[in-house]
Amino acid sequence: MNLVEPHIASLLGLHLPSRLALFLTVAFVFFLFRRDIRQKPNVTGALWLPLIWVLLMGSRSVAQWLQVFGFNTLGSVEEGSPLDAAVYLSLIIAGLCVLNKRRVELSEVVRNNGWVLVFLLYCFVAILWSDFPFVAFKRWIKVLGHPVMALILLTEPDPDEALVRLMKRSAYVLVTFSILAIKYLDIGRRFDEWTGFPVNVGITQSKNMLGCGCLVLGFFFVWYFLKTWRAEKSKARRDELRLLGCLLIMIAWLLRKSHAATATICLLIAIAVIFVVGRRWVNKKLIGTYVLVALAGLGAAELTFGLFDGVADLTGHQSTIMGRAELWRQCLALHTNPIFGVGFESFWLGDRLHLLHEGRPWQPNEAHNGYLETYLNLGLVGLFMLFALIIATFRKIRLDLFRNPDWGRFQLGFLAAIVFYNLTEASFKGLSLTWFVFFVIAMKYPIAEYEPVVQSSETDELEKERKLIYLPG
């Protein structure tokens with residue numbers, strides 16, 4: 001682990017020739033993956049499918065990456081990129097083959113994930129009244145990849161370790177190369193569509209995407225750091241804490257450079273939840289009551305003091321909030337079908353898209369509010385089903401707080417983050433990283449028994465502490 005800290009310092013503080021920085025970054029990522037694989041964790045090769053899925057969501061699509069290198073394979077807004085469609089479809093088909101090989105029973109999936117399937121089925125039915133049914137169908141297929149990849153994680157030999165490895169391997173690439181891009185490459189910086197000022201985007205397409213990745217990875221590693229800290233002292237624990245500490249420093253630097261206020265606030269909310277719920281004086285049987293009281297308090301503060309505007313002023317994002325509010329009013333003024341909406345992910349297509357682009361220097365392709373976005377596409381019926389899915393997920397988490405308190409706190413913290421995140425961003429849709437993690441915490445599947453993978457002698461010490469470091473299933 002001695003190689004880690006000097007490299008962090010070189011990336012965050014020193015200015016190196018770009019080629020040397022690229023070489024050091026690639027070497028650093030190679031070192032981290034080599035370290036990870038040499039430990040021979042109790043995961044299968046199928047974990048590479050969710051990893052590729054996360055890397056594409058957390059950075060850019062294949063077509064967008066090819067465009068960076070001068071190859072234009074992007075299609076129109078309505079048709080999308082055929083190359084991207086082929087890549088995502090291939091990943092989904094490969095995922096379904098893995099689940100079939102593992103003999104995952106559809107009856108078990110239905111029995112344990114009723115509201116998830118009801119919501120997805122309604123989204124499928126909503127394709128029928130879309131103005132662009134084929135486009136909506138292709139987008140629905142992409143969203144189907146979220147539960148498929150989540151089920152691959154849930155059916156791994158050790159699902160909890162699989163999630164840890166997925167997050168760590170994702171961070172090795174997304175975090176490290178985003179720092180490289182911001183400091184040394186042109187793709188890491190662009191002009192903000194809201195203000196026109198230069199912003200940092202890393203290897204993503206926007207500062208909000210970069211902030212979203214920092215929210216997901218940052219919260220996970222804070223939670224995992226606290227879990228590892230409570231393990232019995234050993235060399236393995238010390239090395240793991242050093243690695244996690246370095247990753248957290250890098251994520252904090254990226255979050256600061258992104259100036260993503262929504263992601264920062266939601267990260268703090270999620271961290272506060274895991275700390276508060278972990279206190280002994282908190283009665284977990286009353287967690288539902290606590291949530292209702294907290295929501296009522298926030299509602300009262302908004303009505304009395306204008307809490308939302310106050311937070312926007314505090315973070316310096318009042319102008320973007322005003323722009324969002326104007327966008328919300330214009331979206332509602334289009335008078336979509338209030339009951340069923342315009343069809344699954346079809347609002348930002350055709351004449352509506354051109355109308356909402358007029359007169360705006362920034363070109364919106366979402367409502368910047370997940371609940372409004374759901375209403376516009378799926379109507380009140382879809383919005384009700386989304387709330388029902390969130391409540392069902394909360395009830396699942398409430399049970400996990402008794403059976404598995406640490407994992408339950410992580411789930412509750414992330415659920416709180418995504419609920420608040422969607423007040424100013426729309427991530428209950430498409431290939432959003434937060435939407436994928438939501439499926440991970442919302443879904444469940446009975447753990448099958450697999451033969452354990454043989455561990456290397458170099459990681460015996462860490463593996464003896466598995467029950468302490470990794471959350472038991």
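How many disulfides does the structure hold? In this predicted model, the structure holds 0 disulfides. C123 has a relative accessible area of 2%, so C123 is buried. C331 is also buried, because its relative accessible area is 0%.

The next stop is the surface. Which residues form a nonpolar patch there? The patch is formed by F124, V125, L128, F134 and F137. Together these residues have about 500 Å² of accessible area. Two helices contribute to the patch: α7, which covers residues 114-125, and α8, which covers residues 133-154. Each of these helices supplies at least two of the patch residues.

V125 is one of the patch residues, and V125 is found in helix α7. Is V125 buried, partly exposed or exposed? The relative accessibility of V125 is 37%, so V125 counts as partly exposed. That label applies because partly exposed is the range between the buried limit of 20% and the exposed limit of 50%.

The last stop is another helix. L24 is found in helix α2, which spans residues 18-38. L24 has 28% relative accessibility and therefore counts as partly exposed. How far apart are L24 and L180 in sequence and in space? In sequence, 156 residues separate L24 from L180. In space, the distance between L24 and L180 is 9.7 Å, taken from C-alpha to C-alpha.

Key: Residues are numbered from 1 along each chain as its sequence is written. This is a predicted model: local features need pLDDT of at least 70, side-chain atom pairs count only at pLDDT 80 or more; totals for chains, interfaces and linings use all residues. Side-chain values use heavy atoms; hydrogens and water are left out. Patches are made of residues with over 30% relative accessible area and no salt bridge: like charges are joined within 9 Å, nonpolar side chains (Val, Leu, Ile, Met, Phe, Trp, Tyr) within 5 Å. Accessible areas come from the Shrake-Rupley method with a 1.4 Å probe; for residues, only the protein chains shown count as cover. A salt bridge is a side-chain nitrogen of Lys or Arg within 4 Å of a carboxyl oxygen of Asp or Glu. Helices (H or I, at least four residues) and strands (E, at least two) are DSSP runs, numbered from the N terminus. Buried means under 20% relative accessible area, exposed over 50%, partly exposed in between (1.4 Å probe, protein chains only). A disulfide is a pair of cysteine sulfur atoms within 2.5 Å.
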